[in-house]
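Colleague: I'm new to this one. Could you put it up and let me ask how you know what you say about it?

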Amino acid sequence: MTVPLHDRQRRAVRPHLPMRPRWLCRICAAPWPCQPARLLLLMEYRRDRVALSVYLAGLLFDATGDLVKLNPNATPSPAELFDRFLAWAAPETRNRRQVDHEVSGTPRDQTPRQPHDHR
């Protein structure tokens with residue numbers, strides 16, 4: 001049985017785009033980038049994480065300006081904005097997991113440490 005074309009079109013992925021100047025998702029009203037937006041961005045930039053980071057840094061800059069103008073007394077902190085816009089897009093690395101452990105107390109990766117060359 002084939003599904004009529006109009007039914008398939010309704011099930012298409014709807015882009016989760018920011019509603020500016022509030023920087024909320026137009027679809028789900030979560031702080032943008034919401035989880036679906038992050039997933040779509042990771043898929044779109046899967047071959048170029050550096051380009052994704054540059055793109056997100058530009059959006060972080062825009063969002064900071066918009067949010068400060070919108071309500072200077074309720075602007076998220078720089079750390080919150082960094083986490084929201086950039087931190088999630090960085091590829092997972094062994095060193096990053098180690099730092100996360102030291103900050104949060106989460107279990108450390110059991111991978112043997114490589115000796116460092118101290119010349």
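Modeller: Along the sequence the pattern reads α-β-β-α-α-α-α, for a total of 5 helices and 2 strands. Helices (H or I, at least four residues) and strands (E, at least two) are DSSP runs, numbered from the N terminus. This is a predicted model, where local features need pLDDT of at least 70 and side-chain atom pairs count only at pLDDT 80 or more, while totals for chains, interfaces and linings use all residues. Residues are numbered from 1 along each chain as its sequence is written, and side-chain values use heavy atoms, with hydrogens and water left out.

Colleague: Which residues of α3 are buried, and what puts them on the same side?

Modeller: Leu52, Leu56, Leu59, Leu60, Ala63, Asp66 and Leu67 are the buried ones. They cover an arc of only 140° around the axis, so they sit on the same side of α3; the arc is taken from the directions from the helix axis to the C-beta atoms. They pack against α2 (35-44) and α4 (78-85), with contact meaning heavy atoms within 4.5 Å. On the face turned away are the exposed residues Val50, Val54, Phe61 and Lys69.

Colleague: Why is Asp66 called buried?

Modeller: Buried means under 20% relative accessible area, exposed over 50%, partly exposed in between (1.4 Å probe, protein chains only). Asp66 has 16%, so Asp66 counts as buried.

Colleague: What does the side chain of Asp66 join in a polar contact?

Modeller: That of Trp23, at 2.9 Å. The cut-off is a pair of N or O atoms within 3.5 Å; within protein, one must be able to donate a hydrogen and the other to accept it, and residues adjacent in sequence count only if both atoms are side-chain atoms. Beyond its neighbours within four places in sequence, Asp66 is in contact with Arg20, Pro21 and Trp23.

Colleague: How many disulfides does the structure hold?

Modeller: It holds 0, a disulfide being a pair of cysteine sulfur atoms within 2.5 Å. For Cys25, the nearest cysteine sulfur, that of Cys28, is 3.6 Å away.
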